Amino acid sequence: MSARPPTPAWKRRLTFTRLGRWYTGLTFCIGLAAINTGNNLLFLVLGLLLASIVVSGILSEQSLRMVRVERRLPSGATAGQPALVGLMARNEKPHAPSFSLELREKGGDVAGRGFLVLLPAGRAAEVAYQFVPSRRGVHRFDQLEVATRAPFGLFEKSRRHDALAELIVFPRRVEPPPLQSRQLAREGERPEDRAGQGQEVHSLRDHRHGEDARTIHWKSSARHGRLIGVDREQERRRRVCVVIDNRVLHGPALEAAVEKAAALVERAMDSGAEVGIAACGERLSPASGEAHLHAALTMLALLQPAPRAPAPEPDPQASLLEVA
Amino acid sequence: MSAPRFFAGRGITLLQAQRWAGSLTALFAYLACAVSGELGPALVALFPVALLGAHFFGERAYGKMEWAWTLFLAGALVVLGAEVAATRLDVVLGVARFTLLLCVHRVWHRRTQRDELLFLLLCLLLLCAGAALSAELLFGFSFLAFAVAGTWALALTHLRFEIEAGRGPQGSAALLQSRRIATPSLLGALAALAMMGLMGSAVIFLTFPRVNIGLLRRPSRGTPTAGLGDRVDLSRHGTIADDPRVVLRVRLEPPPHPGLSNLGTHWRARALEVWTGQGWAAAGGAPLPVTRPPPRPKLGGRGGPPQSATIDAVAGFLEGVLVTPEGWPLRVEFHRQLSARGAPQRLLANAAGDLFYSPVEIGDLSYQVWSERNDLGVSLLRGRGQEYPASVDIDLEVPADLDPRVRELSRRLTAGKDPADAADAIESYLSSNLKYTRDLPGEQADPIAHFLFERRMGHCELFSSAMVILLRAAGIPARNVTGYYGGVHTDAGYYAVRAGDAHSWVEVFIPGAGFVPFDPTPAGERGSQQESLWARTVLFWDTIQERWRAFVVDYDLVAQAQLVKQVGAMLSEAGRRLSGKGGSAPQLRIALRALGLLLLAALLVLVIRRAALSRPGVRRAFLRPDQKRAIQLWREARARLHQAGLEIHPGTTPTEAARNVPATGQLVSAYLAARWGSARLPPEKARYLLSTLNRALEAKPQTRA
């Protein structure tokens, strides 16, 4: 987002509503009639109309004053699926409520709005709006605008708050493609040279007092005449690397590839594998867990065509799932 | 703003409140128009019936029989337009009537936002029509009520349709039917808003410069209810009503003695010189324009200084006749020089010396009369002979069939006496020997003889008529004069002459002195005896009306200039006192300085408080701890990157930074999740992420190609 001077707190926007234009026109006509005829009762009516405009301006300012707004973004969003964005408004005035507030997104990539009938003094209220991202990637949010047409709907007064934010929208959910036999190459367990909770014997040692009796290797104990314990080998998880060559992919082809890659990542992680991603010029080491899934989907969400980038460098120890 | 507990389940829904407010607005706009009395009985009756009917059946009738409504309105437009074109109907009145009919139509068609706003617009136009048609005090009350009801209607209409637009038809249904929105506190707050609007209206009313072009002024017309006619009929039946309606509002200069509650003054209108057999009629001859009243004869004796009377004559009572106070009128000046149509006010006089004004189209008339009071005693009138000019021959005419008893009585009272003494004798005889009563005698063959010899009681017209006939029978010119007698002091500072003060007395021609007034009605019976509660209420109402007229209806450029002068005088007086001139107290200056300092201190506190609240830290007071930690984490990461020689441009987002510096990827993910999402960021995780970044930066360069 480009740097922009902060919006001053005092700045307001005032626009006529349709009713306001008619009202002002009528006031003008009555003023003309009053001046022309010298009828003091028409001056009374004119005074009432003008005073109502002034009072309307004062009250609308009172409604907007000391109202803070903030946006609550979801932790994640997926293209094509509805995401809920919360708009929270807080009235910091000690006594006066605010009426008829409309909270709107201004600028940015997302349009949304919410409406509050009444915001009592010293209280906060939240409204939410739903939007369905049509694409993956970064969705920027710029300003939040608070507007009111209270009390009479003659004018709309609004105030903008700087609320820069961005939301990463993950790739659209699709069915993962069936695995090819070539892609299953280099599957299988590999020894992990460290002790753990596996089945294979890693090393023998003297049994320690207090250890679980099930760790005693009875054969060796009988041979040596003392209790011998066994350390098992750590079972290694299956490693998978999703490879995507974004040097040649762009446009709908890239989108389709990214969606497939995301589906493959999710499926592999669901099956308990450690998943990595190899793209042109960037790589995500295999790992597992919720945070890693988030990182993987984020990487895929932000993936762009890279025609000049070097070829993908997949993890040599992982099973490769190439996305074409 | 929650409703009080006792209100739960009762009270009014938002939808009901909005509809009722609209109906009330229409009702008060209609009243503002109806008080003018010019709408006609049909329309006056139609609107409330339509309003009531729409309340019960409007929803069901919505959208039905539109052709009938269109036909009705089109027909009304044609009829009213034709009447206006034929100048049988004033254009403003025509517009007002058509607006009322449009309002009737709209009252039965209120559903959408457009319907409601059109309805309110028509109500406002109706109010403006009322302002153009009437200057009555009742308009003022209707205006006040309209201001409050209109504020409710506009605010609740806006709220209703904002909710419908913001939440859709299904989402808004619950709110519209809620009884917790249109609470007494909300309606009270809106009424307070209306009061603010009214105060603003008063300020604008007082300060808006009055520049009258007068192209479209409409003459206001009072409804004649009683008048100073050109004849008197002595053969009426019934009782004279004590009518408390105010006819004249009088301010005298020099003012009378403070505490004088009743002026006891004759207010002369017309002289009636021709005896009809059953009463009096004015002599023929149209009045002619004059620049000033006829000059008074030179009299001996000591004359008093001229006295001026500023008279506001209520519309409908004078009908062209100028009423003047006792004494000889020297000069007449009209306060509103131009009539409503722009024609200048003209003074006219007839041969009998009656004064008139023209044109008669304006409602109330305001004018000032300078007159010379010269209390001519009988001694001053005596000895002026009996040479009468031909112009008073009409005042010597005696009925041919005059009752002999009347002649005999006249002879007995006037034989050998000077005309002035004769008039005095007849006056004394009548006031002492006959009784006053408000009961009318009914039809009599000879009302004078019946009064003098049979009934021996009567009202003021009989007393004055008898005196005129008795004087004429003695060969002394005399005539009957009608007008008013009295003037009761009011709280507003003027003297009110009421319709029940109508009176009749006599003018006797004395050579060299002109027509001199005599009043044979017993002194205590002249004028009305208005002491009832109703009379006092009417008088009180009149004082309010007079103030309404003075401060609102007649507020003009002169009054504005006077107000500015008064304000200026107050300010200069305050300045003079503050500067120490004129013996002002120095304590006042000290007090004002202290007040000024207090105000300055209060302003300073306000400014500091505002500045404190607008600080970024305070603005983020409601951030969660995880969010604050995320912000701090990113700040520290940027600092660490800066130390490593990797500058992050202020406009670069964390995600973009992560793409350029892959080592920050994990940290940025955690930051985004905590800052904008609902993920947690414990302190130890933040420390871990920062230390991981440090290790990565120390290990190898991180910039992406």
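Ala34(B) belongs to helix 1 of chain B, which covers residues 14-34; helices here (H or I, at least four residues) and strands (E, at least two) are DSSP runs numbered from the N terminus. This is a predicted model, in which local features need pLDDT of at least 70 and side-chain atom pairs count only at pLDDT 80 or more, while totals for chains, interfaces and linings use all residues. Residues are numbered from 1 along each chain as its sequence is written, chains are lettered from A and ligands numbered from 1 in the order in which they are written, and side-chain values use heavy atoms, with hydrogens and water left out.

With 17% relative accessibility, Ala34(B) counts as buried, a word used for under 20% relative accessible area, as against exposed for over 50% and partly exposed in between (1.4 Å probe, protein chains only). Leaving aside neighbours within four places in sequence, Ala34(B) is in contact with Leu39(B) and Val44(B), where contact means heavy atoms within 4.5 Å.

Turning to the interface, 69 residues of chain B are in contact with 59 residues of chain A. The two chains, B and A, bury about 5400 Å² between them, 68% of it on carbon and sulfur atoms; this buried area is the accessible area (1.4 Å probe) that two parts lose on being put together, summed over both. Between chain B and chain A the count is 1 salt bridge, that is, a side-chain nitrogen of Lys or Arg within 4 Å of a carboxyl oxygen of Asp or Glu. Glu162(B) and Arg149(A) meet through their side chains in a salt bridge, at 2.9 Å from N to O. On the side of chain B that touches chain A, the largest share, 14 residues, comes from helix 6 of chain B.

Salt bridges also occur within the chains, and the structure holds 45 of them over all chains. In chain A, the side chains of Glu266(A) and Arg173(A) meet at 3.6 Å, N to O, in a salt bridge. Because Glu266(A) lies in helix 4 (residues 251-270) and Arg173(A) in the loop between strand 9 (155-170) and strand 10 (195-206) of chain A, this pair ties together parts that are 93 residues apart in sequence.

In chain B, Arg249(B) forms a salt bridge with Asp542(B), with the closest N and O atoms 2.8 Å apart. Arg249(B) lies in strand 2 (residues 246-253) and Asp542(B) in helix 13 of chain B, so the pair ties together parts that are 293 residues apart in sequence. Arg249(B) counts as buried at 3% relative accessibility, and Asp542(B) counts as buried at 4%.
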